[in-house]
Each structure stands twice: as C-alpha cells, then as structure tokens.
Amino acid sequence: MISKPNPESSHVLDRVLVLEMVRVTEAAAIAASKLIGRGDEDAADAAAVEAMRRAFDDLAIDGTVVIGEGERDEAPMLYIGEPVGGSPGKGPKIDIALDPLEGTSITAKAGANALAVLAAAEEGCLLHAPDVYMDKIAVGPGYPPDVISLDRSVRENVEAVAEAKGCKPDEIIVCVLDRPRHADLIAQLRETGCGIQLIPDGDVAGVIATTNEETTIDLYMGVGGAPEGVLAAAALRCTGGQFNGRLLFRNDDERARATKCGIEDLDRIYKLDDLAKGDCIFAATGVTDGSLLGGVKRFRGVMTTESVVMRASSGTVRWVTGEHRTD
C-alpha cells in the first residue's frame with residue numbers, strides 16, 4: 001500500500017500532526033467500542049463524536065470541519081463549519097473531514113469493518129461535499145491513468161481493469177454495498193462473470209480495500225454518501241489509486257443544498273484531485289474487526305487498538321498498534 005511520494009508537500013501538515021491524528025481516531029474508536037453489540041446506534045455515534053471533539057481540543061491547530069455530521073441546526077455534534085482544535089486563530093488553518101463512527105449499524109450489531117476515520121488538509125483542499133448520495137467507482141494503485149470512468153458501462157470498467165491487470169474479467173472482485181438500490185448494478189456485474197463482495201455498511205473501508213492486495217478486492221462500485229466519498233478520496237490520494245464520483249440528487253432540496261456548498265456543475269464527474277488535493281492526511285482506527293483493521297480489544301488492565309495513518313506528500317502508510325491502560 002505504498003505509493004510514490006507526492007511533491008505537493010505541506011509545511012502546515014508536519015510529521016507531528018500526522019501521528020497526532022491517530023490519537024483522535026483512537027479516542028473515538030475506544031469510546032464507540034463500549035457500545036458494540038448494544039443495539040443503540042445513536043448512543044454509539046454520540047460517544048464517538050464527543051470523544052473525537054475532546055481529542056481535537058488537545059491539538060495545536062485552527063481547524064474547521066468541512067465534512068461532518070450535517071448542518072449546525074441539524075446536527076449539534078461536530079457539525080459542518082464547527083471550529084476544532086486547541087489554537088483557534090493561532091495554529092495552522094486546517095480543513096477536517098470526519099466520520100467519528102463509520103458504521104453505526106455495524107457497531108450496534110457487532111458486525112465487521114466499523115471505523116473511526118478522519119482526513120485533514122490545508123484550508124481549501126477538501127471538497128465541501130453536500131450530504132447527498134454519490135455514484136462512485138474506485139480502483140487501487142498500479143493501473144494506467146483513467147482505467148475507470150463513470151462515463152463507461154459496468155462491463156467496460158470491469159474489462160478495462162482486467163486487461164490492465166493481465167487477467168480475465170471473471171477473476172476480478174468488485175466490492176458493493178448490499179442495498180436494494182444496487183440490484184441493477186449487481187445484475188450487470190453478474191453478467192460479466194466477475195465476483196462480488198457485498199458489504200452491509202462502511203463504504204469508506206470498501207474503497208480503501210481496493211488498495212490492499214490482501215483483501216483481493218479490485219474495484220469498488222455503487223452509490224453511497226458524498227461526504228464518505230471525500231474521506232475515501234483522501235485515503236486513495238495517500239496510497240495511490242483512482243476515483244470517480246458523481247453527485248446524485250433526489251429532489252430540489254438536495255440540489256439547493258449542493259448549491260449552498262458552492263457546487264456549480266451538478267452533473268460533474270469528480271476525480272481524485274477534485275475531492276482531495278495537495279498534501280493530506282488520512283487516519284482510521286478499527287472499532288470492530290475488519291478487513292483493514294482489527295477492532296478495539298479489552299484485556300485485564302489494558303485495551304488495544306489498531307490504526308492506519310497515511311500522508312499524501314510522502315506516500316507513507318503507517319500501521320499503529322496502541323496499548324491503553326484502563327487503570
């Protein structure tokens with residue numbers, strides 16, 4: 001999962017901040033883990049949110065949430081536009097995209113692949129995506145430019161990746177969210193003969209899985225949240241890979257929401273650099289066990305966490321195992 005270094009290095013995102021971001025996702029994951037299998041999605045999400053906010057207070061940054069829990073009046077916890085960090089007006093100005101608990105349903109049901117995730121970049125480098133749906137396609141590193149495109153059919157994308165990989169289409173594995181809205185997509189994939197890995201939730205983890213050969217996932221396809229698309233794009237920018245996303249609107253209210261966020265071309269296909277540009281950091285900590293990370297484990301007197309933190313400018317991916325005393 002190591003890509004070539006990106007020359008767009010930032011003096012704002014220094015090495016210390018890279019590791020500090022792990023502390024933030026660790027705090028959210030530990031808090032949410034106390035509610036694994038308890039059947040209360042709202043309580044698990046609230047615990048992760050409050051823990052993440054407190055952890056941000058310890059960082060010497062002047063941060064702003066650009067991807068969060070919704071508008072201020074709709075989501076009082078880590079809302080879009082909320083200032084975070086312990087040095088308002090003094091520390092480096094940083095935009096934050098976050099999901100304190102990606103997989104609330106997973107956590108409530110003790111399923112797999114729940115994560116605490118965030119991305120950070122210099123001010124203005126992350127798309128202020130509205131809270132609407134996005135049609136997405138993603139592939140990991142090592143492929144020719146534009147090997148995937150939302151302007152192509154499902155079959156054409158699968159066959160293009162197979163050709164670039166040097167294999168047959170029936171050897172390709174595509175990750176798709178298990179949702180009724182994907183019935184037609186799944187049928188088209190079946191016609192190509194490729195394999196499909198259906199996941200119950202957590203499309204950020206699904207996109208990132210394309211960058212890790214051990215997951216055996218080659219492609220991610222389907223419709224998910226636009227904010228999650230920005231988070232996934234930040235991770236792909238750090239590890240290498242390609243991404244296409246197109247906003248989908250169900251009504252005029254959602255179109256107005258996009259316009260309010262500064263989106264002018266509502267039919268635009270967004271590529272990786274359109275969603276997350278320049279230097280950026282991505283960090284994630286496992287809440288429950290998954291293909292990317294192990295979940296929080298509790299032993300006598302200690303908890304353990306597994307995290308990953310990535311930086312675009314260096315192409316560095318660090319796997320961090322933490323031990324946290326509980327006494």
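Ala 284 of strand E11 stands opposite Val 308 in strand E13. This is a predicted model, in which local features need pLDDT of at least 70, side-chain atom pairs count only at pLDDT 80 or more, and totals for chains, interfaces and linings use all residues. Residues are numbered from 1 along each chain as its sequence is written, and side-chain values use heavy atoms, with hydrogens and water left out. Helices (H or I, at least four residues) and strands (E, at least two) are DSSP runs numbered from the N terminus.

**Strand E11 and its partners**

- E11 (residues 280-286) and E13 (residues 302-311) pair in the antiparallel sense over five bridges; two strands pair if DSSP finds at least two bridges between them.
- E11 also pairs with E4 in the antiparallel sense, over seven bridges.
- Within that pairing, Leu 118 has Ala 283 of E11 as its bridge partner.
- Seven of the seven residues of E11 are buried, so the strand is largely enclosed by the rest of the structure. Buried means under 20% relative accessible area, exposed over 50%, and partly exposed in between (1.4 Å probe, protein chains only).
- In a regular strand the side chains alternate between the two faces of the sheet.
- In E11, Cys 280, Phe 282, Ala 284 and Gly 286 point one way, while Ile 281, Ala 283 and Thr 285 point the other way.

**Thr 305 in strand E13**

- Thr 305 lies in E13 and is buried, because its relative accessible area is 1%.
- The side chains of Thr 305 and His 324 are joined by a polar contact of 2.9 Å. A polar contact is a pair of N or O atoms within 3.5 Å; within protein, one must be able to donate a hydrogen and the other to accept it, and residues adjacent in sequence count only if both atoms are side-chain atoms.
- Leaving aside residues up to four places away in sequence, Thr 305 touches several residues, including Glu 26, Ile 30, Thr 285 and Val 320. Contact means heavy atoms within 4.5 Å.

**Helix H5**

- Leu 185, Ile 186, Leu 189 and Thr 192 are buried in H5 (residues 183-192).
- They cover an arc of only 110° around the axis, which puts them on the same side of H5; the arc is that of the directions from the helix axis to the C-beta atoms.
- The buried residues of H5 pack against helix H4 (154-165) and strands E6 (173-177), E7 (195-199) and E8 (219-225).
- Ala 183, Asp 184 and Glu 191 are exposed, on the face of H5 turned away from its buried side.
- Just after H5, Gly 193 takes a positive phi of about 90°.

**The loop between H3 and E4**

- Ala 110 lies in the loop between H3 (104-109) and E4 (115-122), and its phi is near 60°, a positive value in a residue other than glycine.
- Ala 110 counts as partly exposed, at 46% relative accessibility.
- Asn 113, found in the loop between H3 and E4, has a phi near 75°, again a positive value in a residue other than glycine.
- Asn 113 counts as buried, at 17% relative accessibility.

**The chain as a whole**

- The chain has nine helices and 14 strands.
- Buried residues make up 55% of its 327 residues.
- Of the contacts in the chain with a separation of 6 or more, 71% are between residues 24 or more positions apart.
- The C-alpha atoms fill a box of roughly 55 × 45 × 40 Å, taken along the principal axes.
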